[in-house]
Amino acid sequence: MLPHGGTPPVNGHYYSPLTGQSGPHRRNVALMQERDFPGALRAAAQGDETAFAWLWREAHPALLRYLQVVASPAAEDVAAEVWLEIARGLARFRGGEPEFRAWLFTLARRRASNLRRYSSRHPEQLTRDDEELDQPATDDTAAAALESLATRAALELIASLPQHQAEVIILRVVVGLDVRQVAQITGRRPGAVRVAAHRGLRTLAARLAAPAGQRHGVTR
Amino acid sequence: MSGSGASPSEMSHFPRRLLRRPLGAAAAEELLARRGAAPGAPASQQALARVLEIAAGPPTGRELADEAAYVAAFVLATSPAGTRRAALPRVLRTFAQLTLAVAAAVLAVGAAAALTGRLPAHAQEVAHTILGVPAPHHTSRLQPVTGISPGHQPHPSGVPAVLPVPGAPPGGTAARPPKPAAVMPSPPAQTAVYPKIPPVRAHPEIPGAP
């Protein structure tokens, strides 16, 4: 199912949970206009690398943001493992967009869980990747940095919630899944998912309402 | 996406009364659906809607920077060489499953044969010892002496005498001449002696009886 109750494609473009609008992303506009999700899945399953690249661009940012919340220091590494598993299993995958997203985030959740279990047995302090040091400069480096910082700040604010609340909010808001899909991925009941999301939002609202110096003292 | 809009730090300038109105379930669902806060919503909810909007914003350049590396990894993983490497564990898994199936079948057939006493003598003895299945039907090579002739002297060590092993080297207990009668006494010859039946006499009260 498409995010937010199955928004139908507009002019051949499916709703993107990342952009919040129907239509192509800023990259590879011509390819995007030709693709739809099921078609890209079929082509990628047969080894079409452009179709895989399209799928990756559609899903990777949300995956990375989800992993920044549930597997923060190792989000990039976990994402790479998840995509490798996707690439290996894509030929045997059957289903459409909702099944693919459920598969992707179920794999990510399992990997993140394994990483947390491993980290608890083998304590090791991971450091973040270097920010933009090895990235080529864009036309507007300052604007890109501000954009990235704003996104990161928002994700860190959500990640300060208890993990199950943060996970549910990310899956619902960033990935665009509904309650039933989130419940399926997290293994909880839909009612528990709804309650966790509401409690998390109330906590966030309370933190935003608190004076700047007291924000971290709000009870979770 | 730009970082404009109501930043969290700006929210502290709003009156506390407006900021601390509780977030209802309907308003929370609106925020989760990314439909934003209602026009008259408290400023904290407006700020929260902005935070969620930023978190779900369009992909940044950094998030999409590794596309080429991921596509290369996909090509490698789906290439014939990569497929062969990935297929190897599947072959091993299939082989292991076949081996397990054959082993299970052999065990089942062996157990059935042991229960019915159709194993070779030695194997049946082992199964009898370990599993308690019926003992082999024929005599074993080591069998305690069941009948001792009057002239037989018990072994000084107290170990019961055993049957001499055919082909064993001379010396020791095996060197003694076999005494089949002592080992397996043949049953006494049955002579056909039957009790003598008295002759039938005529019954005095039954007419016509012999």
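So, how many helices and strands does chain A have? Chain A has 10 helices and 2 strands, where helices are DSSP runs of H or I with at least four residues, strands are E runs of at least two, and both are numbered from the N terminus.

Before I go on, this is a predicted model: local features need pLDDT of at least 70, side-chain atom pairs count only at pLDDT 80 or more, and totals for chains, interfaces and linings use all residues. Residues are numbered from 1 along each chain as its sequence is written, while chains are lettered from A and ligands numbered from 1 in the order in which they are written.

Okay, chain A. From the N terminus, the elements go α-β-β-α-α-α-α-α-α-α-α-α. Of its 220 residues, 41% are buried, and buried here says that 20 or more other C-beta atoms lie within 10 Å of the residue's own, with 12 or fewer for exposed, partly exposed in between, and the C-beta atoms placed from the backbone. Now take the contacts in chain A with a separation of 6 or more: 56% of them come from residues 24 or more positions apart. A contact is two residues whose C-beta atoms, placed from the backbone, lie within 7 Å.

Let's look at helix α4 of chain A, residues 49-70. Two packed helices are described by the angle between their axes and the distance between the axes. The axes of α4(A) and helix α6 of chain A, residues 97-121, come within 11 Å and cross at roughly 30°. Those axes are lines fitted to C-alpha atoms, for helices over the stretch in contact, with angles from 0 to 180 degrees between N-to-C directions. So α4(A) and α6(A) are roughly parallel to each other; the cut-offs are under 35 degrees for roughly parallel, over 145 for roughly antiparallel, 65 to 115 for roughly perpendicular, and oblique for the rest.

Which residues make that contact? On α4(A) you'll find A:A59, A:L63, A:Y66, A:L67 and A:V70, and on α6(A) there are A:L104, A:F105, A:A108 and A:A112. By class, the contact has 9 nonpolar residues, no polar and no charged. For the classes, Ala, Val, Leu, Ile, Met, Phe, Trp, Tyr, Cys and Pro are nonpolar, Asp, Glu, Lys and Arg are charged, and the others, Gly among them, are polar.

On to the next partner. The axes of α4(A) and helix α8 of chain A, residues 163-174, come within 9 Å and cross at roughly 170°. That makes α4(A) roughly antiparallel to α8(A). Here α4(A) brings A:A62, A:R65, A:Y66, A:V69 and A:V70, and α8(A) brings A:Q163, A:A166, A:E167, A:I170, A:L171 and A:V174. This contact divides into 8 nonpolar, 1 polar and 2 charged residues.

Now chain B. It has 7 helices and 0 strands. Of its 210 residues, 18% count as buried. Among its contacts with a separation of 6 or more, 31% are from residues 24 or more positions apart.

B:R34 counts as partly exposed, because it has 19 C-beta neighbours inside 10 Å.

Last, confidence. Chain B has a mean pLDDT of 70, with 51% of its residues at 70 or more; pLDDT is the predictor's confidence in each residue, from 0 to 100. Where pLDDT is low, the predicted coordinates should not be read in detail. For the complex, the predictor gives an ipTM of 0.73 and a pTM of 0.56.
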